Each structure stands twice: as structure tokens, then as C-alpha cells.
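User: I'm new to this one and would like a short walk through it. Could you show me the structure before I start asking?

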Amino acid sequence: MTIDLHFSPEVSDARARGLPIVALESTIITHGMPWPQNVETARDVETVIRGNGAVPATIAVLDGRLHIGLTDGELDALGQAKDVAKLSRADLAACMATGGTGATTVAATMIAAHLAGIHVFATGGIGGVHRGADTSFDISADLQELAKTPVTVVGAGAKAILDLPKTLEVLETLGVPVIAYGQADFPAFWSRSSGLPAPLSMDNPADIAKAMVLRGEMGLEGGQLVANPIPEADEIPSSMINPVIEEALAAATADGIAAKSVTPYLLDRIYHATDGASLVANIALVKNNARLAARIASEFSA
Ligand code: PSU
Ligand code: MN
């Protein structure tokens, strides 16, 4: 049995013409941002990709069917739907088997992109090792996926709510290349620098595409993480965001938040605590990642 992928007309056409395609996740729409900014951002990000010579493919499961590319109407409906499942590697097939509707995380989007022959994927920031993971064991499945599935993921580092040193350690153990774009430091989502050096650094989309191709030729499984710093004009300095993160983490513990709910809870809490400034920065960095991903995808096609 082959999987019945449901391509949008735009993505179908791009495949037929051999155009570069950039995958986009949908959890950021359903669990990462409030309505209506979520839908507006999803549209704007697609526009940025088109403006940079590639075709966007937002990925989600709608009524059990794995969609590669959403129409405007589908995007709108998903952005307003209540109780959409958050799908990682563990949940994807179960949601499809039961005819459910779900948004794909970084892990699940990588799986779907690979099935669809898409090499590049843009997001905000990947999941990673949560602070307190030594007792909670909360480590995002995104990290394992990067070790397994050959897709280049462009994010603004890992979300600063995480334990970034431990996240980098796990990525190293898993053999995932972590490539800072245009600087030496690993970025921290809302801020340009985490204060930690990135293991690798590149300045050129062509080199990033070439490294991925070489990995494939050598039989190295897995993808790579491109850590693209938020534009200077949009960043929130870590001195400003860190106390807010600390407060949100304390609230999550007090409220007994665990598992899949942790990331959405923290993002929402930080959004309110910063009067929406965290969302403005989040939107800016996603667009910036989309731009770079489109350029990398074009290099893959070249
Ligand atoms: N990046 C964002 N906002 C998000 C996410 C990433 O800017 O909402 C989502 C992604 O889908 C990522 C997920 O895969 O959070 C990680 O969740 P968890 O920590 O439960 O694995
Ligand atoms: Mn988790």
C-alpha cells in the first residue's frame, strides 16, 4: 500500500514543473499562535516563500488525509478549528487511521516532507530538551527526527524556554549538524544569541544544500538544523525575555502542565506577559526563516 498524499493544486503544479518547494508545519498555527495572527502569519510566510523563488507546502492531517499544501480555505479553517490534535511521529498514523484532524510538529512535518520528496522545511524553532528534563524526561521528539529523516530544517535555533546547552548536547550525540547561519553563536529564538557557540557555521545557502546532498551520498541518515538568527531590528534582548520565561516556567510547574501541553502553555503565557511582543518577534523570525529556506530549496534544485 502506498500512502495517499493529498497535494494542493499549487504543490501539484510545482512538482510537475520541478520547482523548489519549502515545507511548513501547522502546529505553529494551531498551538503556537493565537487567532487571527496565526492565519495571517501562515499566509504571509507562504507569500515570503513565493517571493523568494519557491513554492510553500503547509502540512496537516485533515479528516484523516495527509495534506501537502493547504488551500486558502483549508488554512483558514484549520487556524480557527478547536481541539486540533498536535501530531508528532507517535501520533501521525493513528490520526490518519481514525479520520482525525491534526497539526504537524517539526517531527511529523519532516516525516511528511520526506514522503513528498521535499528537502527543506521552515519553522520558528524546534523542540528540544526542556529545563528540568533530568526529572521530567521531557525531550522533544523533534531531536530524534532530525537524526533519522533527511530534511534540512530552518529555525531560529531552539526555543529559549528550553535548556539550550542540553539541547545542543543531545543533537551532538545524535549526529545532527547544527549550522548557525551567518554568525558563530547558536541563536535563542527571540534573541540573536544564546551565548553558546554553534557547532557549525555557514554563510551561504549553496553550502548548506551541498552538505545535505553529501550526507545523503555518504549514506548518513538524518537531516540538519540550520539556526538562523532573528533579524536585529526584531529581537527581544535575553535580559528582557529571560525573567518572563522564568515566570512562565514557574507557572507551568505550579499548574501541573506536562507532556504535549508544555510548549503551547509557555508560548501563550509569554505572549500575555509581554503584551504580545513575543508574538511580534515570533512572526518576524518565522518569515526570516522562510526566506532562507526558499533560498536553500532553490540551491537544491540548481
Ligand atoms: N516553533 C514555534 N512555535 C511552535 C512550535 C515551534 O515557533 O509552536 C512547535 C513545533 O511544532 C515543535 C513543537 O515541533 O512546538 C515542539 O513541541 P514539543 O516540545 O511538545 O515536542
Ligand atoms: Mn515534550
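User: What do the buried residues of helix 12 pack against?

Analyst: The model is predicted, with local features needing pLDDT of at least 70 and side-chain atom pairs counting only at pLDDT 80 or more, while totals for chains, interfaces and linings use all residues. Residues are numbered from 1 along each chain as its sequence is written, chains are lettered from A and ligands numbered from 1 in the order in which they are written, and side-chain values use heavy atoms, leaving out hydrogens and water. The buried residues of helix 12 pack against helix 2 (27-32), helix 3 (37-51), strand 5 (85-87), helix 11 (238-254) and helix 13; contact means heavy atoms within 4.5 Å, and helices (H or I, at least four residues) and strands (E, at least two) are DSSP runs numbered from the N terminus.

User: Which residues of helix 12 are buried?

Analyst: They are V262, T263, P264, Y265, L266, L267, I270 and Y271, where buried means under 20% relative accessible area (1.4 Å probe, protein chains only).

User: And what comes just after helix 12?

Analyst: There D275 takes a positive phi of about 55 degrees.

User: Switching to ligand 1, which residues come nearest?

Analyst: Of the 18 residues around ligand 1, those are E25, K86, S140, D142 and K159, counting a residue as near if one of its heavy atoms lies within 4 Å.

User: How far is an oxygen atom of ligand 1 from the side chain of D142?

Analyst: An oxygen atom of ligand 1 lies 2.7 Å from an N or O atom in that side chain. Taken alone, ligand 1 exposes 480 Å², and the protein buries 94% of that, with areas from the Shrake-Rupley method and a 1.4 Å probe.

Note on methods:
Buried < 20%, exposed > 50% of the residue type's maximum accessible area, 1.4 Å probe, protein only. Polar contact = N/O pair within 3.5 Å; in protein donor to acceptor, adjacent residues only side chain to side chain.
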